[in-house]
Every structure is written in structure tokens, then in C-alpha cells.
Amino acid sequence: MQTELDFNQVNQSQIVAGVDEVGRGPLVGCVVAAAVILDPNQPIVGLRDSKKLSEKKRIAFEAEIKQKALAWHVAVATPEEIDEINILQASLLAMKRAVEGLKIKPELALVDGNKLPKLDMPAEAIIKGDDLIPAISAASILAKEHRDREMKALAVKHPEYQFEKHKGYPTALHLAKIDEHGIIAEHRKSFKPVKKIIERDQNV
């Protein structure tokens, strides 16, 4: 059962997982979440929000996190699940899966943001946690790198959309490519710009 906690009073001997997700805003692909339990005996210096790190630094941190963490797991919710239950619920589902996939069960989960997934352990939602709590920063880095690789793979499969440039976000370039080429199976059909193209093409 979840309880409200003051994360400043967390017992340092507790097994704590940091949890974060990426990919709520894009029009295509999975929403990706990660959970990380850092090893207090192997600190990783310089962890911070993945959005504030260069790709080169994220890749280096990703390898270090996977090597030094006591446990880590990356999980997703698919575009089909996003369309079925909405992006917020899909994000929470991916985070739940990430925590449940850890090989060590945490005693406490610290989750970035202001909403909590349903977990069978105490949890605390922390706004801007990805820049405050190293374990959440680590989770944001793993999730970001996983999703970027997904977009690069999709760019190889569908080069005409140039996913490697916009990572699926609703940029002018992406919207122009959807307008030109229509949608693919990986697009989130419940998202307004995609829905508009589907309706337009159905009316042609």
C-alpha cells in the first residue's frame, strides 16, 4: 500500500528505486520508463536530468549506470496501449512495469513528477525529481537512451519520416512528413495531429 513520505527523511539504508519516464509528448512510438536502484558504495558523479546532458554524456552515463547499479530495468507501454488507456495511464503503466522488473524489490520508490503508478511499496512523487534525486536522474537517462534508439531504428525502417531528427515529437518537420506520407503503425492514433490526418485520408 502506498503512503505519503517526506523524501528528505528517507533512511539511507533503505533500498530506494528512482523511477522516470520519457516520451509522453511524441506522436509515435512507445512511452518508455526506467527504474534504477543505485549502489551507495559505487556513487556515480554528475548525474542529472537527461534533458540537460549531451548525447555523448548520456551514453557514457548509461553504460556506467548499467555497470554500477544494484538493479535497473527499462519497460514500455506501446502505441496501442497509449491509444487504449491514454498517455498518462500508459506512462504510469510503463513505470509500474519498470519497478516490477527490478531483480531487487525496493523498499521505497521515488517517482519523477506529480503522479504515482500503482505499486505494492511506499512511493513518493517528486516534482523535478530527475534533477534532484540521483536515482531518478539515472532512470531518466536509461529511459531516454532506450527511446532514442527506438527512434533511430524506426528511422531506418521508415527513412522518409526522418525520425532520427525529431524523435517523433510534433515538430514542423514531423508534421510535414505525416502530411506527405500519411501515418505508420507506430503512430499514436489518439493524438490530435495524427487523428486529423487519419480523418482527412478517410474523407478523400
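This is a predicted model: local features need pLDDT of at least 70, side-chain atom pairs count only at pLDDT 80 or more; totals for chains, interfaces and linings use all residues.

Residues are numbered from 1 along each chain as its sequence is written, and side-chain values use heavy atoms, with hydrogens and water left out.

Q: Which residues does UniProt give for the feature "domain: RNase H type-2", and how far apart are the end C-alpha atoms of that span?
A: The UniProt record, an unreviewed entry, puts this domain at residues 14-203. UniProt positions are in the numbering used here, feature names are shortened, and annotations may be inferred rather than shown by experiment. The span is 45% helix and 16% strand, where helices (H or I, at least four residues) and strands (E, at least two) are DSSP runs numbered from the N terminus. Its end C-alpha atoms are separated by 58 Å.

Q: Which residues does UniProt list for "binding site", and why can they be said to gather at one spot?
A: The listing, again from an unreviewed entry, names D20, E21 and D112. They span 93 residues in sequence, yet no two of their C-alpha atoms are more than 8.0 Å apart, so they gather at one spot. The lining of the second largest pocket takes in D20, E21 and D112.

Q: How much space lies in the second largest pocket?
A: A pocket here is an open set of points on a 1 Å grid over the protein atoms alone, where a 1.4 Å probe fits, with protein on both sides within 12 Å along at least five of seven lines; lining residues have an atom within 4 Å of a point. Grid points are joined across faces, edges and corners, and the volume is the space filled by probe spheres set on the points. For the second largest pocket that comes to about 330 Å³.

Q: How many residues of the lining of the second largest pocket are charged?
A: The lining has 23 residues, and D20, E21, V22, G23 and K51 are the closest to the pocket's centre. Strand 1 (16-22), helix 3 (87-100) and helix 4 (134-157) each supply at least two lining residues. Ala, Val, Leu, Ile, Met, Phe, Trp, Tyr, Cys and Pro count as nonpolar, Asp, Glu, Lys and Arg as charged, and the others, Gly among them, as polar. On that count five are nonpolar and six polar, while the charged ones number 12.

Q: Is D20 buried or exposed?
A: D20 sits in strand 1. Leaving out neighbours within four places in sequence, its contacts (heavy atoms within 4.5 Å) include M95, D112, D130 and I136. Buried means under 20% relative accessible area, exposed over 50% and partly exposed in between (1.4 Å probe, protein chains only). At 3% relative accessibility, D20 is buried.

Q: What is the relative accessible area of D112?
A: D112 belongs to strand 4. Not counting residues up to four places away in sequence, D112 touches V19, D20, I126, K128, G129, D130 and I136. D112 is buried, at a relative accessible area of 17%.

Q: What is the phi of K128?
A: Most residues other than glycine have a negative phi. K128 is in the loop between strand 5 (123-126) and helix 4, and it is exposed at 62% relative accessible area. Although K128 is not a glycine, its phi is positive, at about 60 degrees.

Q: Why do the buried residues of helix 6 line one face, and which helices do they pack against?
A: In helix 6 (residues 172-181), the buried residues are H174, K177 and I178. Seen down the helix axis they fall within an arc of 100 degrees (taken from the directions from the axis to the C-beta atoms), so they line one face. The face turned away from that side carries the exposed A172 and E180. The buried residues pack against helix 5 (163-166) and helix 7 (192-203).

Q: Where is P106, and which residues is it in contact with beyond its sequence neighbours?
A: P106 is in the loop between helix 3 and strand 4 (108-112). P106 is buried, with 3% relative accessible area. Leaving aside neighbours within four places in sequence, P106 contacts I15, A17, I37, V99 and M121.
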